Structures are given as structure tokens and as C-alpha cells.
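This report describes the fold core, the charged pairs and the confidence of one protein model. Please consult the sequence and structure below while reading.

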Amino acid sequence: MRGHGIRVGPSEVTDAARVAEALGFDNRTRLRAGMAAAMVRQAEDRATFDQLFDIFFPAATGARTATGEQADDDSDLLDQLARALATGDDAELERLAGAAVELLGQVDPADPERGWSSARTLDALAPQRAIADAHQQLRATQEGAGGEGNALGPGSGMAPSASAAADTSWAVNPWDRPPTRPEQLTDRVDRDELRRRVDDFRARVETESRRRNAELRDRDRLAQLAVPSSLRRRDFISSGDKQLAELRREIDPLTRKLAARMTARERSGRRSIDVRRTLRASMSTGGVPIKPSYRRRAPHRPDLILFADLSGSVGGFSTFTMLLMQALHQHFRRVRVFGFISSTAEITDVVHALPPGTSLTSWALGTPELIRRGTNSNYGWALRTFTRGHLDAITKRSTVLVLGDARTNFADPNVADLERIRDRARHIAWLNPEPSTLWTQGDSAVRSYRTVVPMHECRNLEQLRHFVADTMPT
């Protein structure tokens with residue numbers, strides 16, 4: 001757990017041991033929940049804990065005992081899955097997850113030592129294909145019973161009895177199909193519930209493949225490679241489109257938390273003791289300043305200037321940070337965004353206008369104003385074009401955030417223009433999404449830039465949240 005960034009100290013380990021002693025090992029589900037309550041502090045770490053628990057505390061060893069109807073191919077398996085989804089039979093879904101991995105999940109059937117793959121299993125089976133059949137079975141059950149509510153229960157998400165859901169004789173002869181009824185709102189509820197059950201089945205397949213792989217490989221190594229970091233600790237640079245989309249969905253809840261913390265910090269920092277008024281008031285208590293008088297500082301709402309590298313190597317990080325700062329607009333008088341690859345242009349209106357999820361990097365690579373000297377990042381020339389055309393945007397009210405990895409492709413870093421920006425701004429900071437261990441390697445100009453601007457490692461959501469809440473000047 002520590003290797004995946006989850007804070008676990010001796011007290012949590014002791015609590016987990018006491019939980020195991022109290023609950024025993026007979027009920028694995030109960031043990032998992034108890035240990036999670038003792039060791040996991042934040043809700044977003046629970047998914048990582050569950051995956052690690054499956055590796056180090058597997059449900060069983062070896063192949064599963066053959067029970068139930070056996071499938072000869074993925075088509076038979078899909079039919080059985082549709083019936084299990086329609087009835088909501090958890091035991092059957094668990095059995096089918098094991099059967100699916102056994103039938104479709106071997107990485108190399110000729111070499112069992114290569115292990116099992118949940119991705120291979122799910123790609124071959126495509127369990128989402130069973131939703132339509134399962135929904136038809138539910139509708140047939142409802143129409144056969146003459147009911148008006150949905151087959152899963154009127155808005156309750158409850159499944160019908162197994163015998164009722166299994167009555168699908170009409171499927172043998174399509175001409176005997178009962179007359180269909182118009183689409184109803186409850187049908188949407190049914191489909192949403194079936195999709196949830198498919199997601200649950202996918203999780204069972206992943207758990208089964210981890211269980212089998214844990215027998216073949218070193219568990220520590222498997223935990224390191226097979227269990228992804230939690231969302232807030234996932235590196236911006238190594239995140240794909242799917243992970244970046246998940247990060248963007250975190251903007252709203254993150255913004256609310258950060259706004260509350262920034263507001264509290266501003267309020268706590270506004271008051272200072274007014275010595276003259278305190279001494280004058282103390283005359284009524286014999287010169288003892290029992291009740292101090294405070295001088296309230298007028299709130300300062302700075303202008304925020306974002307100077308963002310939009311090249312492919314750090315584009316996802318810059319895009320996410322810009323969206324976050326835009327969402328925190330109530331703490332700033334004005335937010336202006338300047339993007340660059342090899343030259344600089346203001347893109348404030350573009351950030352507002354582009355549809356959510358649009359890649360700013362793809363847009364920037366097709367924008368002539370940002371690539372006047374090529375499509376590789378050129379910090380020296382970008383700083384030069386900024387100071388020549390946009391330096392007046394910075395005033396003594398401005399807080400400047402530079403977003404980028406400081407890799408100049410061995411071009412002149414142009415520290416002089418960065419100094420000019422620093423001298424005009426109220427505050428300036430640099431957020432670098434690369435690990436600090438790489439800051440002195442290759443074409444990195446961090447050594448030159450950090451003598452001018454304080455540089456902060458900001459590789460993931462947690463570090464960005466810490467910077468905004470605790471470090472960013474207000």
C-alpha cells in the first residue's frame with residue numbers, strides 16, 4: 001500500500017491485525033471490509049486497496065471446481081451471462097467470471113506460465129453484448145406476467161425471481177413473441193441496472209485474473225505492475241486520453257474543496273494586531289491588553305497569468321491545470337492564458353470556447369501563431385515573443401504560473417526574459433510535471449530557470465491540489 005502512495009503507519013497496521021483477530025478468516029468479504037476500515041483513510045484509495053487485497057489474500061488457489069452449465073465457446077458463455085444478468089444471480093456471475101477467464105483469458109495457451117489477462121478475456125467476450133438479450137428477457141417476463149412496472153421492480157433495481165426470468169419460451173419461436181409495448185421510463189432504469197451488473201462482472205473477471213496470476217508470479221512484482229496508482233497520484237505525463245478524461249471529471253469537486261481552503265486561508269491571514277488601538281484600549285484595564293484590537297487587511301484579488309507549454313509531452317498537464325484555474329476564478333480578478341510551443345499567443349478565449357474534452361495540444365499544433373519556429377517546444381523563443389508582445393499584461397497585481405517541463409531541445413533558455421517577467425509580477429511560480437530526479441538530465445534547463453523562479457514538482461493531482469491549497473500566493 002505504501003508503494004502505491006497510500007499512507008499506512010504502524011497504528012493502521014496494528015488496527016488491521018486487531019480487526020483480523022476479531023473477525024477471523026472465515027468470511028473473506030467481511031475481513032476485507034474490516035481491514036479497509038482500519039487501513040484506508042481516503043475513499044479514493046479503496047479501489048487500490050481492494051486490488052492489493054485480491055493479490056495478497058486470494059479467495060482460493062488453483063482452477064475453480066466445475067459447477068453449473070459449462071460453456072463450449074464464447075457464444076454459449078454470452079447466453080449464460082445474459083440469463084445471469086436478467087436474474088441478478090451474483091453466484092452465477094461469479095462462476096461465469098471464472099469460466100470466462102478459463103476459456104478466453106490465457107495469454108498463450110501453449111505456455112500456461114505466461115499467465116492470464118482480464119483485458120484479453122473482456123475483449124473476446126464483449127459482455128456488453130449481453131445487455132440487449134437480458135433486457136428482452138426482462139420485458140418478456142414483465143409482459144408475460146401482465147405487469148405494469150419494470151421487471152426489476154418499480155424503480156427499486158430488484159431482480160425478478162429466477163423462475164420468472166427464465167420463462168423465455170417465446171425465444172424459440174419468434175412468432176410466439178408477446179406483443180411489445182411502447183418504451184417506458186422504467187425500461188431505462190432496467191438498462192442502467194443491467195449496465196451496472198456488467199460493470200460488476202468486469203470487476204469479477206479482473207479479480208479472477210489477478211488471483212490466477214498471483215500463483216504464477218512474485219506477488220510484490222505483480223502488485224507493482226498490475227495495480228494502477230489511484231487517480232490523484234497518476235502522473236499527468238503518462239496518462240492517456242481516458243485517464244485525462246477521468247481527471248477532468250475531478251475538477252468540480254476539487255475546485256469546491258480548494259475554494260473552501262483558499263477562502264479560509266485568506267481570512268486567517270487578513271487580521272493583524274493593531275498595536276496603537278490595543279494599547280489605547282488597555283488603559284481601561286490597568287495597561288493589561290486583555291482584548292487585542294485587530295487591523296483588517298483588505299482582501300487582495302490578483303490577476304492570474306498562465307504561461308503554458310502546449311507541446312505533446314506536457315499538453316495534458318497544462319490543459320488540466322488551466323481548467324482548474326479557470327474554475328477557481330472567484331479568487332482572481334482576471335485570468336489570462338498564454339500558450340506556446342515554439343512561439344507564444346494569448347489563448348484565453350480559445351480555452352473558454354473549445355468544447356469540454358478537446359485536446360489543446362492537437363489544436364495548438366495546427367495554430368500558426370504557436371509554431372512559428374517548429375512543432376517542438378522552444379522556451380527561449382517563447383519567452384522572447386511573450387516579452388515583446390504581451391509583457392504589458394503583467395502588473396504588480398499579477399500572479400504568474402509557468403506550466404511546463406523546461407525542456408528546451410538544447411536551444412537557448414533565454415533566462416533574461418524570464419527575469420523581466422519575474423520583476424514585473426507580484427508573484428511567480430513554475431509547475432513542472434516531470435519527477436525532480438529528471439530535472440538535471442538531457443535538455444532540461446531547470447538549473448538555469450530555478451535560479452530565477454521557484455520551481456515545484458507537480459506530477460499528479462495530489463501535488464497540484466497541495467500547491468493550490470497551501471503554496472499558491474493569494
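## Cores and salt bridges in the predicted model

The largest nonpolar core comprises 35 residues, and Leu310, Met322 and Leu401 have the most contacts inside it. A nonpolar core is a set of buried Ala, Val, Leu, Ile, Met, Phe, Trp, Tyr and Cys residues joined through side-chain atoms within 4.5 Å; buried means under 20% relative accessible area, exposed over 50%, and partly exposed in between (1.4 Å probe, protein chains only). Among the elements that give two or more residues to this core are helix 12 (251-270), strand 3 (303-309), helix 14 (315-327) and strand 6 (398-403). Helix 14 gives the most, with five residues. Helices (H or I, at least four residues) and strands (E, at least two) are DSSP runs, numbered from the N terminus.

This is a predicted model, in which local features need pLDDT of at least 70 and side-chain atom pairs count only at pLDDT 80 or more, while totals for chains, interfaces and linings use all residues. Residues are numbered from 1 along each chain as its sequence is written, and side-chain values use heavy atoms, with hydrogens and water left out.

Leaving aside neighbours within four places in sequence, Leu401 is in contact (heavy atoms within 4.5 Å) with residues including Leu304, Phe307, Met325 and Phe467. A second, separate core of 26 residues includes Ile305, Phe338, Phe340 and Ala406. Thr361, in helix 16 (residues 360-365), is buried at 12% relative accessibility.

A salt bridge places a side-chain nitrogen of Lys or Arg within 4 Å of a carboxyl oxygen of Asp or Glu. By this rule the count is 26.

| Pair | N to O distance |
|---|---|
| Arg204 and Asp90 | 3.8 Å |
| Arg407 and Glu434 | 2.8 Å |
| Arg422 and Asp423 | 3.1 Å |

Arg204 lies in helix 9 (residues 185-216) and Asp90 in helix 5 (residues 90-104), so this pair ties together parts that are 114 residues apart in sequence. Arg204 is buried at 17%, whereas Asp90 is partly exposed at 48%.

The protein chain averages a pLDDT (the predictor's confidence in each residue, from 0 to 100) of 81, and 83% of the residues score at least 70. Over residues 148-175 the pLDDT is below 50.
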